[in-house]
Amino acid sequence: MPINNFITSSFENRTGFAIMTENYGKVYLVGSGPGDPELLTLKARRLIDNADVVIYDQLPGEAIIASIPKKAEKIDAGKYAGDHTLSQNSINKLMIEKAKEGKTVVRLKGGDPYVFGRGGEEAQELIRAGINFEVVPGITSAISAPAYAGIPVTHREYASMVTFITGHEDPTKNESGIDWEILAKFPGTIVIFMGVKMLENNVNELIKHGKDPSTPVALIERGTRPDQRVTIGTLENIVSLKNERKVKAPAITIIGNVVKLHDELGEQILEGI
Ligand code: SAH
């Protein structure tokens, strides 16, 4: 890894070591949080407001996308599952091209850029291309969507551990990155990203490996946005509830006894912005 990249990308105001890259702009991999614009960090807000180019997907949500200033060049890299407007490869190329033109680029990503967002891969591509970058963490949907739904992911009485997994693994893949046997025994909260399509498969795996079918489950669609919707069930009935209610991505799945707190803590009243 070229050391200059590491150093210049660590702190925004460091200027040294720009050898080949002195005329290049910089790319900020910015987490937008889960959708409520008030959950954007101050740093994200400042960078969005000052960017020459903002490359975004739909995940940050309408309110945040609408708040990108007119003066910025806005590029929709829509990445909803099944709707890859631009492939990951062309997104990488685009970021690099714009930075080489000397532009300040914000690559705006839902939640946190390094949590199931391919942010790590994008950062690696930038490093390889000799482009300065900085990551701006965001509030991940893994904790914020359940919070707004009255579900703390840990609680002394219910869960002392929490794990984040992807639910979108291809079941025909020979080697799964997910060890369902271990997961079924995991005594904490399981948070599943991208888990709508494969919910039935994933629930069956957990039950097959011994997880109690009466374990509470929550599906939270569009968490923290004005149209957030929460569906509560158990491992046994969550698939039929999902079908009945036509649950759609983006939704986060929470599995574990913390879901019981939803009754007591209720749902955040979303004001809408
Ligand atoms: N980096 C993001 C996750 C990207 S993967 C983060 O930290 O939140 C995309 C998945 O994130 C979606 O399929 C969904 O499971 C989840 N997700 C993102 N925003 C969400 C939201 N507002 N409500 C519910 N789930 C969300």
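Trainee: At what angle do helix 4 and helix 5 pack, and how far apart are their axes?
Mentor: This is a predicted model. Helix 4 covers residues 88-100 and helix 5 covers residues 119-128. The two pack at an angle of about 45°, and their axes are 10 Å apart.

Trainee: Are helix 4 and helix 5 parallel, antiparallel, perpendicular or oblique to each other?
Mentor: Angles under 35 degrees count as roughly parallel, and 65 to 115 as roughly perpendicular. The angle here is about 45°. Helix 4 and helix 5 are therefore oblique.

Trainee: Which residues of helix 5 make the contact with helix 4?
Mentor: Helix 4 contributes Gln 88, Ile 91, Asn 92, Met 95 and Ile 96. By class, the residues on both sides comprise four nonpolar, two polar and two charged. From helix 5 come Glu 122, Glu 125 and Leu 126.

Trainee: How are helix 8 and helix 9 oriented to each other?
Mentor: Helix 8 spans residues 199-208 and helix 9 spans residues 238-245, with axes 9 Å apart. They pack at about 170°, and angles over 145 count as roughly antiparallel. Helix 8 and helix 9 are therefore roughly antiparallel.

Trainee: Is the crossing of helix 8 and helix 9 left-handed or right-handed?
Mentor: Leu 199, Glu 200 and Val 203 of helix 8 meet Ile 238, Val 239 and Lys 242 of helix 9. This contact has four nonpolar, no polar and two charged residues. The crossing is right-handed.

Trainee: Is Ile 131 buried or exposed?
Mentor: Ile 131 sits in the loop between helix 5 and strand 7. Ile 131 and Gly 25 are 106 residues apart in sequence, and their C-alpha atoms are 7.6 Å apart in space. With a relative accessible area of 0% for Ile 131, against a cut-off of under 20%, this residue is buried.

Trainee: Which residues does Thr 224 touch, leaving out those up to four places away in sequence?
Mentor: Thr 224 lies in the loop between strand 10 (216-221) and strand 11 (229-234). Thr 224 is buried, with a relative accessible area of 3%. The residues touched are Pro 34, Gly 35, Asp 36, Leu 39, Ser 144, Ala 145, Tyr 148 and Leu 270.

Technical notes
Residues are numbered from 1 along each chain as its sequence is written. This is a predicted model: local features need pLDDT of at least 70, side-chain atom pairs count only at pLDDT 80 or more; totals for chains, interfaces and linings use all residues. Side-chain values use heavy atoms; hydrogens and water are left out. Axes are lines fitted to C-alpha atoms, for helices over the stretch in contact, and angles run from 0 to 180 degrees between N-to-C directions. Helices (H or I, at least four residues) and strands (E, at least two) are DSSP runs, numbered from the N terminus. Contact means heavy atoms within 4.5 Å. Ala, Val, Leu, Ile, Met, Phe, Trp, Tyr, Cys and Pro count as nonpolar, Asp, Glu, Lys and Arg as charged, and the others, Gly among them, as polar. Buried means under 20% relative accessible area, exposed over 50%, partly exposed in between (1.4 Å probe, protein chains only). A crossing is left-handed if the near helix is turned anticlockwise from the far one by less than a right angle, and right-handed if clockwise.
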